[in-house]
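Morning, everyone. Please have a look at the structure on the screen, and then we'll walk through it.

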Amino acid sequence: MKYFISIFLILSFFAFSNAEGKDFTLKSPDTRISITISINKLLVYSVSIEGKNYLNSCSASLKLDNNVTIGLNETVAKEIIRSVNDTIHPVIKEKRRLIIDRYNELKIYFQEGNGLIFRAYNDGIAYRFFTSFENDIKIIDEQADFSFADNYTVMIPYFDCRKDADCFHTSFESNYITSKLNELQKDKLAFTPVYISDEKGPKFIITESDLDDYSGMFLTISGTKTLKGVFAKYPLKEELTEGEFPQLIVKERADYIAVTKGTREFPWRVILIADADKDLVENDLVYRLASPLKIKDTSWIKPGKSTEEWIVGRNYYGVDFKTGINTATYKFLIDFASKFELEYIMLDAGWSDYKDLFKINPGLNLVEVINYAKEKNVEIILWTLSSTLDKQMKDALDWFVQLGVKGFMTDFMDRDDQKIVNFYKRVAEESAKRKLLVNFHGAFKPTGLQRAYPNLITREGVLGHEFNMWSESVTPDHMLTIPFIRMTAGPMDFEGGSMSNAQQKDFRAIFERPMNQGTRTQQAAIYVVYESPLQYLAGNHSDYLREPEFTKFIANIPTTWDETICLEGKAGDYIIVARKNNNKWYVAAMTDWTPREFEIDLKFLDDAKYNAQICEDGINADRNAEDYKITNLQTNKNQKLKIKLVPGGGWVGIFIPVQK
């Protein structure tokens with residue numbers, strides 16, 4: 001690993017102007033991206049790429065309760081600039097085995113010892129505030145304006161306000177609406193990440209990283225070309241809802257965002273920058289900006305695949321027992337996992353009382369199921385309701401360890417105010433102490449916490465396969481949008497693998513017997529395209545057993561990667577991704593409702609002959625989306641493969657080097 005830090009003052013990196021204020025310029029290591037920071041009465045910054053401005057006079061400030069606003073009427077005391085060229089070795093390889101962390105950084109101190117940090121990377125920029133007060137401080141508000149130079153195209157995930165709660169309650173599951181900046185709805189909030197595109201130029205993603213002891217950032221339109229950060233106020237009063245899945249909703253909020261330590265650094269405001277959509281798929285800036293590893297022993301953290309039974313309602317067939325939340329059903333799933341060498345099964349909602357984790361469903365002998373899983377070399381993951389876990393956390397997690405459970409999912413947080421953000425951190429810490437994996441559902445997007453706590457193996461925060469149970473929202477267009485936007489924040493648990501597949505005219509939502517829009521092969525492709533170190537086979541397991549060749553094909557796709565290359569891609573339309581795990585390459589393509597043909601250049605392969613196992617749309621998949629075929633061929637890096645995708649179609653190739 002190479003590591004180089006220098007502190008220097010060079011005019012090519014920054015310059016200062018007149019006595020009334022200071023102007024600084026910070027450039028990316030390749031000098032293509034330039035940030036101009038002006039500190040006068042207001043703190044504003046602009047971003048240019050190869051000399052052309054794309055963001056102009058973006059305002060940033062932090063308002064405290066003692067009539068102090070950091071970024072307003074400031075005097076610069078000193079500034080430090082440094083260059084860093086480091087290598088990160090991630091414990092869990094989400095995109096790649098080694099992450100190059102190279103940037104130029106400007107740290108500006110104001111007279112009171114507070115200030116802000118700007119970083120310029122070759123693939124984005126980021127800034128954050130820092131404070132140096134002796135006692136705790138109250139953050140009243142934060143100004144984070146992203147003002148664009150032109151009326152660019154936006155893909156933004158608006159959501160509707162709940163009837164029983166304020167507009168800061170959301171499951172973070174929405175389709176992306178495509179619009180021009182000046183046509184966005186002024187009275188609606190959107191969660192991040194958000195995509196902005198100069199259709200003939202660069203692409204941008206606005207998000208955040210290193211969110212800790214603070215409130216998450218929403219966005220709304222301000223004026224005609226400015227996206228404005230909005231932050232949920234601290235919850236003063238909460239009530240537990242009634243219904244099947246009780247959750248805490250806020251009935252009264254304070255007039256401040258957070259009360260926090262006086263000396264600290266605040267979350268990074270992040271703008272990913274890419275020449276083309278496909279470059280966004282390779283971008284891991286959110287991870288690079290996050291806090292480093294906080295766990296000493298990580299040897300117990302094992303990515304892999306799991307069963308998931310809730311989406312299909314445990315609605316199995318061809319078995320000699322009554323299916324449901326019972327011992328026989330989970331033994332059936334353990335046998336399935338063992339047969340196809342899955343690492344885990346998950347006991348989803350219903351294995352215990354939602355309000356008391358220690359009250360096990362009377363039809364289930366949990367100890368017998370866990371012991372049976374051990375015999376079959378399969379680990380157990382348990383679903384939990386977050387409001388219940390919050391009350392019973394230490395006792396419940398100790399019990400999980402005693403039982404021999406490997407991890408848990410916790411669900412229905414549906415907020416990202418300071419209190420909930422701190423709940424995530426507490427779950428991360430307490431589960432890491434006990435060597436338990438965690439999957440967050442009803443969750444906001446990742447902000448890099450999994451770098452510090454890699455036992456946070458994945459999270460939802462995406463409109464996924466379960467919505468096929470009751471809606472028509474999970475279209476191929478949506479499925480081709482999320483790799484370029486939501487996935488830039490980090491792993492996303494889509495819970496795919498549907499075995500009931502339909503073309504557009506044939507689809508309908510059927511609860512407990514859900515189908516998906518698109519082909520069987522597109523469902524296979526998501527195991528390569530979508531990043532999640534824990535992947536689920538969430539189709540009907542009786543269907544999987546009827547088609548063992550296909551099931552073995554998807555079960556054999558790994559969940560972590562040594563290298564990622566996006567070969568082609570356009571947000572909402574199509575994608576082709578190549579990923580490497582050890583000496584094998586996995587290539588997948590997906591398309592929206594438009595049929596497409598591609599020629600894949602195999603130059604990324606190593607110097608070897610390869611046996612390729614191909615799963616592709618069948619000849620009649622344009623009418624019957626369940627039609628697919630699996631074939632084999634020999635190839636090498638000098639060849640090109642022509643592939644054909646039907647509407648909603650997919651293609652997957654597994655390339656295995658021939659042993660000499």
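In what order do the 7 strands of the open sheet come? The order is 31-30-29-28-25-24-34, and the pairing is parallel. Before going on, some ground rules. This is a predicted model: local features need pLDDT of at least 70, side-chain atom pairs count only at pLDDT 80 or more, and totals for chains, interfaces and linings use all residues. Residues are numbered from 1 along each chain as its sequence is written, and side-chain values use heavy atoms, with hydrogens and water left out.

Strands (E, at least two residues) and helices (H or I, at least four) are DSSP runs, numbered from the N terminus. Two strands pair if DSSP finds at least two bridges between them.

Strand 34 pairs with strand 24 (304-307) over 4 bridges, in the parallel sense. There, Thr-307 has Leu-537 as its bridge partner.

Now helix 6, residues 418-433. It lies across strands 29, 30 and 31, at about 160° to strand 30. Axes are lines fitted to C-alpha atoms, for helices over the stretch in contact (heavy atoms within 4.5 Å). Angles run from 0 to 180 degrees between N-to-C directions.

Last, helix 9, residues 520-529. How many of its residues are buried? The count is 10 of 10. Buried means under 20% relative accessible area, with a 1.4 Å probe and protein chains only. Among them are Arg-520 and Tyr-527.

Technical notes: Buried < 20%, exposed > 50% of the residue type's maximum accessible area, 1.4 Å probe, protein only.
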